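Me: I would like to go through this model and ask what stands behind each label. Please set the values against the definitions.

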Amino acid sequence: MRLIRGCITVVGIIGILVIIALIMGYYLYSLRPWIQAKMTPVAVTAEAAQSFDQKFEALEMEIHQAIAAGEERETALVITEKEVNSKLVEVLAEGDLPFDQILVNFREGRFLIYAVADVPGVAARTGAIGRIQVVNGDLEIVLEDFDLGKLPLPQAVNGGIEKLLDIMVKLKLADVPLEITDVEISDRELTVSGLIKSAD
């Protein structure tokens with residue numbers, strides 16, 4: 001009898017601990033990540049979103065001209081924090097992303113992102129800080145921190161998200177005949193330099 005009572009007591013204590021852990025997890029999940037407090041709001045405009053589009057159109061035109069001329073040519077694309085955020089607001093308004101809000105900051109050598117995902121129940125607030133590097137002509141994302149609310153996440157989560165981001169970037173750039181040579185983040189700007197590959 002004493003053994004049965006002991007087992008029931010242990011199961012009851014474990015059940016209470018699990019419930020407390022779930023409540024704490026839900027509470028931490030609903031909080032804003034610490035990265036958001038480090039970020040600066042960015043004023044967005046339709047003109048900045050249009051400038052973003054025009055810069056990419058100019059890059060595409062330059063790539064086509066270089067290929068048509070059969071020459072390799074160095075090029076660079078400079079986009080500002082304001083242009084990126086303005087374009088993101090435009091894309092969010094079209095409903096093409098599963099987010100309610102996104103903010104991007106460019107700091108010395110690093111990017112900071114805060115995003116609120118559209119999920120049932122409590123919105124998922126995520127934050128990330130990282131850098132972009134060039135490896136064998138490809139862009140590679142290196143996350144220094146990724147937060148989901150204020151939940152303590154294992155370091156392995158960063159690696160999984162890095163791989164996902166790298167795959168997405170490579171898929172987007174797969175058909176672009178451009179070998180990335182350098183990426184620099186400074187003065188609220190992202191500069192991507194590359195070599196346009198001539199068609200052989």
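This is a predicted model: local features need pLDDT of at least 70, side-chain atom pairs count only at pLDDT 80 or more; totals for chains, interfaces and linings use all residues.

Me: How do you know that the span of helix 3 agrees with its 24 residues?

Reply: Helices are DSSP runs of H or I with at least four residues, strands are runs of E with at least two, and both are numbered from the N terminus. The expected span of a helix is 1.5 Å times one less than its number of residues. For helix 3 (residues 46-69) that should be 34 Å, and the end C-alpha atoms are 35 Å apart, so the two agree.

Me: Which residues of helix 3 are called buried, and what do they pack against?

Reply: Buried means under 20% relative accessible area, exposed over 50%, and partly exposed in between, with a 1.4 Å probe and protein chains only. In helix 3 the buried residues are A48, A49, S51, F52, L59, I63 and A66. They pack against strand 1 (73-80), helix 4 (81-94) and strand 7, where contact means heavy atoms within 4.5 Å.

Me: Why is D187 called exposed, and why is R188 called partly exposed?

Reply: D187 has a relative accessible area of 59%, which is over 50%, so D187 is exposed. R188 has 34%, which lies in between the cut-offs, so R188 is partly exposed. D187 is found in the loop between strand 6 (178-186) and strand 7 (189-196), and R188 is in the loop between these strands too. Neither is a glycine, yet phi is positive, about 50° for D187 and about 60° for R188.

Me: What makes D145 a residue with no salt bridge?

Reply: A salt bridge is a side-chain nitrogen of Lys or Arg within 4 Å of a carboxyl oxygen of Asp or Glu. D145, in strand 5 (residues 138-148), is buried, and the nearest side chain of opposite charge, K38, is 8.4 Å away. Lys and Arg count as positive and Asp and Glu as negative, with His and the chain ends not counted.

Definitions and conventions: Residues are numbered from 1 along each chain as its sequence is written. Side-chain values use heavy atoms; hydrogens and water are left out.
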